Amino acid sequence: MIDICLLGTGGMMPLPGRWLSCALVRSGSALTLFDCGEGTQIPWKSIGWGFRQLGAICLSHMHADHVAGLPGVLFMVAHAGRTEPLDIYGPAGTNYVVEGLRRIAAELPFPIIIHELQGGETFALPGDLQGTCAPAAHGIPCLAYRANFARRPAFQPDKARALGLPVQYWSHLQRGETVEYEKQTITPEQVLGPPRRGISFSYITDTRPTPTLTALAHDVDLLVCESMYDDQADLPLAREHGHMVSTESAGIALDAHAQSLILTHFSPKVYDPGQAEKAARRVFKNTSAAKDGMIISLDYRD
Ligand SMILES: [Zn+2]
Ligand SMILES: [Zn+2]
């Protein structure tokens with residue numbers, strides 16, 4: 001199971017009752033943070049997930065509402081006693097910005113490894129997640145992300161018994177290891193069932209809709225997507241600033257065959273995100289507007 005907490009839901013600036021949009025993802029006890037706007041550590045503190053297990057931060061782009069919270073979060077992780085490395089992923093320019101922000105958080109007890117990506121790479125994220133990314137359309141280098149949690153095939157006891165294999169070897173094969181038993185080499189494929197569907201989600205923010213992003217989010221269990229504007233009349237504004245109105249976000253979810261859509265990154269002028277939700281539902285039914293602190297738990301579908 002994967003838990004995703006939307007610590008904040010705002011774009012541009014934090015507001016009373018609305019922190020900046022980001023997603024904290026928990027797989028096992030391991031944490032990955034997607035974006036890190038100003039004050040991110042404050043709603044994080046209130047959910048009680050701790051900071052020490054933060055193993056990676058994926059940054060969409062280098063606008064302040066997505067990165068300015070980094071020193072505060074790094075300080076909290078240090079204060080929690082982390083000594084293991086922390087990976088930071090982001091588009092071109094991440095190194096320059098993160099190194100600058102680190103000058104006010106210089107004394108950290110853990111190394112930071114920065115990875116600048118172009119889109120299309122795959123990389124390991126904490127908690128056995130596999131990350132991938134695609135370029136977004138926001139006027140500056142910007143990435144959208146996807147994370148997949150693979151599910152092992154089911155172990156088939158009948159096949160193991162038919163091979164005469166004692167029970168103490170079964171767990172090794174379940175973990176994907178090959179076993180030597182009475183001069184036989186037994187591989188996991190001999191005792192495991194067909195591939196099974198895992199869990200996946202996508203985080204897409206600060207972008208116009210593009211076919212590349214639809215492909216990135218193909219068949220995800222959850223799409224967390226920006227909805228800067230709730231009103232169709234704001235479409236010219238969305239085009240000008242590289243954002244979306246909620247019906248466009250819903251269009252991505254629909255075309256990607258996503259299972260569910262959560263809208264976030266609301267403009268300060270969006271007073272009631274419920275309006276964005278209402279409009280988007282006309283395009284993609286399983287849409288919700290995010291609320292600050294909302295936690296979504298994703299489990300296997302079957
Ligand atoms: Zn933004
Ligand atoms: Zn931006």
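In the predicted model, seven strands form an open sheet with mixed pairing. Their order across the sheet is β7-β8-β9-β12-β13-β14-β15. The edge positions are taken by β7 (122-125) and β15 (287-289). Each of these two strands has a single partner strand, so one side of each is left without a neighbour in the sheet. From one strand to the next, the twist averages 25°.

Towards the β15 end of the strand order, strand β13, comprising residues 222-226, pairs with strand β14, comprising residues 261-264. The pairing is in the parallel sense and extends over four bridges. Within this pair, Glu226 has Thr264 of β14 as its bridge partner. Helix α10, formed by residues 273-281, packs on the sheet and touches both β14 and β15.

Not counting residues up to four places away in sequence, Glu248 touches Arg208, Pro209, Leu235, Ala238 and His243. With one of these residues, Arg208, the side chain of Glu248 also makes a polar contact of 2.7 Å, which joins the two side chains.

Terms used. Residues are numbered from 1 along each chain as its sequence is written. Chains are lettered from A and ligands numbered from 1 in the order in which they are written. This is a predicted model: local features need pLDDT of at least 70, side-chain atom pairs count only at pLDDT 80 or more; totals for chains, interfaces and linings use all residues. Side-chain values use heavy atoms; hydrogens and water are left out. Two strands pair if DSSP finds at least two bridges between them. Axes are lines fitted to C-alpha atoms, for helices over the stretch in contact, and angles run from 0 to 180 degrees between N-to-C directions. Contact means heavy atoms within 4.5 Å. A polar contact is a pair of N or O atoms within 3.5 Å; within protein, one must be able to donate a hydrogen and the other to accept it, and residues adjacent in sequence count only if both atoms are side-chain atoms.
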